[in-house]
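Subject: Structure handover

Hi,

Here is the structure I promised to pass on. Please open it next to this note; my findings follow below.

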Amino acid sequence: MVLAIDVYYFEDATAKSVGVLFNWEDEHPREIIIENVKDVEEYIPGQFYKRELPCIIAILNKVDTKQLEAIIVDGHIYVDNNKEYGLGGYLWKHLNGEIPVIGVAKKDFFANKETTFALVRGESKNPLYISSVGMEREKAIELIKNMKGKFRNPTILKELDQITKR
């Protein structure tokens, strides 16, 4: 199974974390997990992982992680070309490197052009920025490229985004 996670933040220091479990060939999630998280830290530029990681862990606590082939996060693995960790890297570190993490971001960073790959899917002119840790980047790119859906975002990741914002 694969777990994709997204988080939506509210103004009252709470967040809605959503995880979807699926297999690579699926078009829709097999299971949806929702967790509301209280007392979320403020956003600090350059330290986004401090805010998001506890929300991701809240979902992981509800999943049998031994069954996971990979985790997809809405973000980057590295924040620069020197491989300084971003959200995905800190998640991989938290998991003791036991589960590969794939970052799928809608925006790139100026400083991490060498650690991401701009993947254009479907007829979109805008790429997704793919990075990975614990898995060869080329394999991660191929997996995301081949996910179901005709548009920029694979159908499952688009559905995850919509559930998170509902």
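Predicted model: local features only at pLDDT ≥ 70, side-chain atom pairs only at ≥ 80, totals over all residues.

**Strand 4 and its neighbours**

Strand 4 pairs with strand 5 (residues 101-105) in the parallel sense, over 3 bridges. To get from strand 4 to strand 5, the chain passes through helix 2 (residues 87-94), and this β-α-β crossover is right-handed. Strand 4 also pairs with strand 1 (residues 2-9), again in the parallel sense, over 4 bridges. There, Ile71 is the bridge partner of Leu3.

Now the side chains. In a regular strand they alternate between the two faces of the sheet. In strand 4, Ala70 and Ile72 point one way, while Ile71 and Val73 point the other way. All four are buried.

The loop between helix 1 (48-60) and strand 4 (70-73) holds Asn61. Is Asn61 buried or exposed? Asn61 has a relative accessible area of 64%, so it counts as exposed, the cut-off being over 50%. Asn61 and Glu35 are 26 residues apart in sequence, and their C-alpha atoms are 10.0 Å apart in space.

**Other salt bridges**

How many salt bridges are there by this rule? The count comes to 4. Side chains of opposite charge can pair when their charged atoms come close.

- Asp26 and Arg30 meet at 2.6 Å, N to O. Asp26 is at 11% relative accessibility, so it counts as buried. Arg30, with a relative accessible area of 52%, is exposed.
- Asp108 pairs with Lys113, and their closest N and O atoms are 2.2 Å apart. Asp108 is partly exposed at 28%, and Lys113 is partly exposed at 46%.

**Pockets**

The largest pocket contains about 650 Å³ of space. Its lining has 26 residues. Which of them lie nearest its centre? They are Phe48, Asp74, Gly75, His76 and Phe109. Strand 1, helix 1, helix 2 and helix 4 (155-165) each give two or more residues to this lining. Strand 1 has the largest share, with 4 residues. By class, the lining divides into 12 nonpolar, 6 polar and 8 charged residues.

The second largest pocket has a volume of about 160 Å³. Among its lining residues are Tyr78, Asn81, Lys83, Glu114 and Thr115. Ser132, Val133, Gly134, Met135 and Arg137 also line this second largest pocket. The classes here are 3 nonpolar, 4 polar and 3 charged.

Over to you.

Best wishes

Terms used
Residues numbered from 1 in each chain as written. Heavy atoms only, no water. Buried < 20%, exposed > 50% of the residue type's maximum accessible area, 1.4 Å probe, protein only. Pairing = 2+ DSSP bridges. Right-handed = clockwise from strand over helix to strand, strands pointing away. Salt bridge = Lys/Arg side-chain N within 4 Å of Asp/Glu carboxyl O. 1 Å grid on protein atoms, 1.4 Å probe; cavity = no way out; pocket = protein on both sides within 12 Å on 5 of 7 lines; lining within 4 Å. Points joined across faces, edges and corners; volume = space filled by probe spheres on them. Nonpolar A, V, L, I, M, F, W, Y, C, P; charged D, E, K, R; others polar.
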